[in-house]
Amino acid sequence: MKTDNDILVKIENLVMHFPIYRGVIRRQVGAVRAVDGVSLEIRQGETLGLVGESGCGKTTVGRTILQLYKPTSGHVYYKGTDLAKLKPEPMRLMRKDLQMIFQDPYASLNPRMTVRDIIGDPMFAFGEASGKQIDERVQELLKLVRLDPDFANRYPHEFSGGQRQRIGVARALTTNPSFIVCDEPISALDVSIQAQVVNLLEDLQRDLGLTYLFIAHDLSMVRHISDRVAVMYLGVVVELADRNEIYDNPLHPYTKALLSAIPVPDPTFYETRQRIILEGDVPSPANPPSGCRFRTRCPIADESCALERPEFREVSPGHFVACIKVGMQTNTKEVINQESV
Amino acid sequence: MAEKILDVQGLETQFKTPEGIVHAVNGVSIHLDEGETLGLVGESGCGKSVTMLSILRLIQSPPGQIVAGKAIFKGSDLLAMSQEEIRQVRGGQISMIFQDPMTSLNPVMNIGKQMAEPMLLHLGITPKEARERSIKLLESVGIPRAGERLKDYPHQYSGGMRQRVMIAMALSCNPQILIADEPTTALDVTIQAQIVDLVIRLRQELGMAIIWITHDLGVAASIANRIAVMYGGFIIEEAAVKELYANPSHPYTLGLINSLPQIQRKGRQRLYSIEGMPPILLQTPKACPFAPRCRWVREKCWQQNPMLESIGENHKVACWVDTTTGSER
């Protein structure tokens, strides 16, 4: 049974618009609608995968949850507290519980700080530990992420990409958080190293009871690590379901196209697979299409799709989709198959 | 048996750095048949790009130096040609698509001019003919309103469209060999699928041979006829595409394929991971470069680097151990 107690993070109608200024007096002429009405629930101890192409707003969702951006409107509840309404100081203290692992392990570590200072900095910032305690904690964390504790006095440039990402993971764990936003933590790493970091993240989740929001564009990795998966397109979530449900029974035409575009390391697979190749590029989030955002590239769109934004509704238990064509399900399938031939 | 259009033998490339000599490519022999697509797979730093750049003599020297080897293209050695001769081949008979379409296009030159440049040089046609041909090429790679868009600059194109422009440019002089260096890595999956489909279609229409460099075994499976896997500056396995994925034989290839999460897989199994890190190529390699990370490693592996040997039809591997039985070959 799901109760409200299970829900760790709840996002309601989150909107994040970045203003565009033009001219000498810097008048606001428009806004990039990076996130435009996203509602999600993240349950205690689960991994929610958030996938989409570049520019769809998935990173902005992650950052807005952590209040790294002040949301334009909407609510972010963490254990019942609305983070969007918190004053700076209580929010700062709240950050102990909410941490982030960044995409680029080369850009997210200060090259002039030693590993000890990088990992210990969060403790120092909260002013609650002596130097000796920090040293001990750093040693403990390095062991936890399977790095040699003797590395504490080295600088980031002495490490490889995979090792740097482990340092980033250790830093996120310093304050014993319960919720971590993983923003494409493996996409900058080599294939053989990706598996190491993913296994590490899974072990840590099991041992420390962490909850992850796992942002990625690699759909096969997301299926592997997530419990539930949300698919974003141009600032809105178009589909949300359990991971096996979304891969076995995708309903939204964008999810279908995305899944069919994944390269699979099996040459025989390509002889039988039907691909849905989407035409064109993602429209600009400064001027998104009316109605359904996906209609300009959608193989089954018609005039009715331009009229209003499709409601994000539950079509089967736990499976949400935002498409007016779904419901005439068999119909949708046929049309897509025809288009892709 | 198809004709060999390119035959590389014993290629060695090194770079002089303050830390010492980096042995980037250590005796790579590889051939390309007419009309075939070869996938060159490996992780960053394994030497796959340097191999291709060496063949086209695009290695900056110093610090880089091609120490040994031959690259026979249509009877002549590319590595022994004069600068003037290689310029006739490069961009004309052999052309290349680079990884990052933003940094490989000139931001202050409009697309029309950039497209025309190689054609004026290699085909000896007039600017007007070059313009007409550019429009045709852009249309064939799927750029709408190509005529109007010739005067646009690269920043006015999206990432996928820039990569299409790169492809159109690479095809403009009817190359016999197209070298594609991770052309889809910087792109989103749906755009990547568009580009792969485009290249497959153009390959059928134009009949050129392709070398597709990638780190993504999934992309390689979708486009290549034959695959060569590189590690530490060596080719460690080479096989026809189906054979490679059905029977990966080198411990590294095996690990690489197993470490990928399979989209069809339901249960949550732990990913297979290759421990350790790729080698730093500062010493002359004597042992097998994969030995420090290999689970089948044995005494012999530390003493002698195995050569690429045939283990079946269209299948070569460089390993002392038969990974199916665990015994020495």
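Is R33(A) buried, partly exposed or exposed? With a relative accessible area of 33%, R33(A) is partly exposed, where buried stands for under 20% relative accessible area, exposed for over 50%, and partly exposed for what lies in between (1.4 Å probe, protein chains only). The structure is a predicted model, in which local features need pLDDT of at least 70 and side-chain atom pairs count only at pLDDT 80 or more, while totals for chains, interfaces and linings use all residues. Residues are numbered from 1 along each chain as its sequence is written, chains are lettered from A and ligands numbered from 1 in the order in which they are written, and side-chain values use heavy atoms, with hydrogens and water left out.

R33(A) also takes part in a salt bridge with D36(A), in which the closest N and O atoms are 3.4 Å apart; a salt bridge is here a side-chain nitrogen of Lys or Arg within 4 Å of a carboxyl oxygen of Asp or Glu. E46(A) and R228(A) are both buried.

A further salt bridge is formed by R116(A) and D135(A), whose closest N and O atoms are 2.6 Å apart. R116(A) lies in helix α3 (residues 115-125) of chain A and D135(A) in helix α4 (residues 131-144) of chain A, so the pair ties together parts that are 19 residues apart in sequence. R116(A) is partly exposed, with a relative accessible area of 21%, and D135(A) is likewise partly exposed, with a value of 35%.

Between chain A and chain B, the contact (heavy atoms within 4.5 Å) takes 46 residues from chain A and 45 residues from chain B. The buried area, which is the accessible area (1.4 Å probe) that two parts lose on being put together, summed over both, is about 3,800 Å² for these two chains, and carbon and sulfur atoms give 56% of this area. V191(A), P265(A) and P267(A) supply 16% of the area that chain A buries against chain B, more than any other three residues. The count between the two chains is 1 salt bridge, in which the side chains of D203(A) and R270(B) meet at 2.8 Å, N to O. On the side of chain A that touches chain B, α6 (191-208), α7 (219-225), α8 (243-248) and α10 (269-272) of chain A each supply at least two residues, and the largest share, 9 residues, comes from α6(A). D203(A) and R270(B) also belong to a network of salt bridges that links them with R146(A), R206(A) and D207(A).

For C56(A), which is in no disulfide, the nearest cysteine sulfur is that of C292(A), 14 Å away. C323(A) is in no disulfide either, with the sulfur of C292(A), its nearest, 6.2 Å away. C56(A) counts as buried at 4% relative accessibility, as does C323(A) at 7%.

Methods: Helices (H or I, at least four residues) and strands (E, at least two) are DSSP runs, numbered from the N terminus. A disulfide is a pair of cysteine sulfur atoms within 2.5 Å.
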